[in-house]
Amino acid sequence: MLASRRILLIIGGGIAAYKSLDLIRRLRERGAAVTPVLTRAAEEFVTPLSVSALAGEKVYRELFDLTDEAEMGHIQLSRSADLVVVAPATADLMGKMTAGLANDLASTLLMATDTPVLIAPAMNVRMWQHPATRRNRAQLAADGIRFVGPNEGDMACGEFGPGRMSEPLEIVAAIEAALGDGPLKGKRILVTSGPTHEPIDPVRYIANRSSGAQGTAVARALAALGAEVVFVTGPADVPPPEGVEVVRVQSAREMDAAVDAALPVDAGVFAAAVADWRVASASDRKLKKSRDGLPVLEFAENPDILKRVSQMKQGRPALVVGFAAETNDVLENATAKRLRKGCDWIVANDVSPATGIMGGRENAVTLITGEGAEEWPRMGKDAVADRLARRIAETLAG
Ligand code: CTP
């Protein structure tokens, strides 16, 4: 809840500005007050009238508007909120923030403010990936600016990739987290993610096709709801989310030890695709084909981390969530897996190649709890994560 919180919302000039109208509604529904500021470019996309009607407040537009200066100086305006939110944050606005420019109302407010700032970038994928934006992003993060998004997806310009502004509800969650008001405030949650690499020799390993995308999205969603997240990740394709404690591991045994070190936690989400076996006969020197001939690999079973934590006699997390990647008889296998492992929930998904889920952007999951199975519609991995995080929040609160 955001009751009696004030958000200074700077709307930048991008097509995603239309989503900021919905963001204002969502914030007000939760009891927040919104002071809107429009850049000149933003007025090309949304009108001051619609913004002010939704916010129920005056829209601030010009730096040298004397009426505003008489009512409220720009310094005071910049400090009147609990949080400054920039949505959409265009490449131009990010550049100005990084450089410390103050040549219009929005950039001046961002320079003058002493309150935390959260930005929701939105731009064409090439612009997001441009070295200048990358530099700006790193600098802004180092300056303590918080980020939400951008998401990956189809863009208004017809291209595909990262650059879409986060959805209004994701921005609301990030605002709640930034203000320390999220429903998971004070909860410590462990998330495992990614594949594990099991060495054959110092240069070769056995791995699986997990990209780490779903676990990363879950960690991000939990952090956005205010949780303190410990993210134990194998060598994943996707970078870890911001704002979480990252523990990098390679093998299942390293992951097991890292999980142990992270306990106690209020909840554990085990999204990693942990290798069931490791090479028992792993060599400490590189195997040579001339000298060693065809290698014979012997396997040993890895520790089952989910099972061990689920069955802890003391200090078991209040909620333990496992994942089940199945290729057939998904429901039966996953239901049996929940009982066999002793976890509270299983998030089951069908990873047969035809679904395109493993390594893909979408997921179709069935949540299996003690009460039964709930089939969720196919949706983006971020949306699955968001829904799961909210369920976890409800359960830990109840
Ligand atoms: N898991 C784990 N440690 C392992 C293996 C799996 O913590 N050594 C966790 C995964 O993170 C996931 C769940 O257990 O949450 C499901 O793992 P999976 O490998 O699919 O289950 P298995 O027990 O291997 O069952 P099966 O071989 O029938 O698929």
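This is a predicted model: local features need pLDDT of at least 70, side-chain atom pairs count only at pLDDT 80 or more; totals for chains, interfaces and linings use all residues.

Visitor: At what angle do the axes of H5 and H8 cross, and which word describes H5 relative to H8?

Guide: Helix H5 covers residues 91-99 and helix H8 residues 131-142, where helices (H or I, at least four residues) and strands (E, at least two) are DSSP runs numbered from the N terminus. Their axes come within 9 Å and cross at roughly 55 degrees, the axes being lines fitted to C-alpha atoms, for helices over the stretch in contact, with angles running from 0 to 180 degrees between N-to-C directions. Angles under 35 degrees count as roughly parallel, over 145 as roughly antiparallel, 65 to 115 as roughly perpendicular and the rest as oblique. The crossing angle of roughly 55 degrees therefore makes H5, relative to H8, oblique.

Visitor: How do the residues of the contact of H5 with H8 divide by class?

Guide: Met94, Gly95, Met97 and Thr98 of H5 make the contact with Thr133, Asn136, Arg137, Gln139 and Leu140 of H8, contact meaning heavy atoms within 4.5 Å. Ala, Val, Leu, Ile, Met, Phe, Trp, Tyr, Cys and Pro count as nonpolar, Asp, Glu, Lys and Arg as charged, and the others, Gly among them, as polar. The residues of this contact divide into three nonpolar, five polar and one charged.

Visitor: What is the class make-up of the contact of H1 with H9?

Guide: Helix H1 (residues 17-29) packs with helix H9 (residues 168-178) at an angle of about 50 degrees, with their axes 9 Å apart, and the crossing is right-handed. Lys19, Asp22, Leu23, Arg26 and Leu27 in H1 meet Pro168, Leu169, Ile171, Val172 and Ile175 in H9. The contact of H1 with H9 has seven nonpolar, no polar and three charged residues.

Visitor: How many salt bridges does the structure hold?

Guide: A salt bridge here is a side-chain nitrogen of Lys or Arg within 4 Å of a carboxyl oxygen of Asp or Glu. Asp22, Arg25, Arg26, Glu29 and Arg30 are linked in a network of such bridges. For the structure, the number of salt bridges is 23.

Visitor: Is Arg40 buried or exposed?

Guide: Arg40 meets Glu62 in a salt bridge between their side chains (3.0 Å, N to O). The pair links distant parts of the chain, 22 residues apart, with Arg40 in the loop between strand S2 (33-38) and helix H2 (48-55) and Glu62 in the loop between H2 and helix H3 (66-71). Buried means under 20% relative accessible area, exposed over 50%, and partly exposed in between (1.4 Å probe, protein chains only). Glu62, at 35%, counts as partly exposed, whereas Arg40, with a relative accessible area of 61%, is exposed.

Visitor: How many residues apart in sequence are the parts that Arg391 and Glu374 tie together?

Guide: The side chains of Arg391 and Glu374 meet in a salt bridge (2.9 Å, N to O). Arg391 lies in helix H15 (residues 381-397) and Glu374 in strand S20, so the separation of the parts that the pair ties together is 17 residues.

How values were computed:
Residues are numbered from 1 along each chain as its sequence is written. Side-chain values use heavy atoms; hydrogens and water are left out. A crossing is left-handed if the near helix is turned anticlockwise from the far one by less than a right angle, and right-handed if clockwise.
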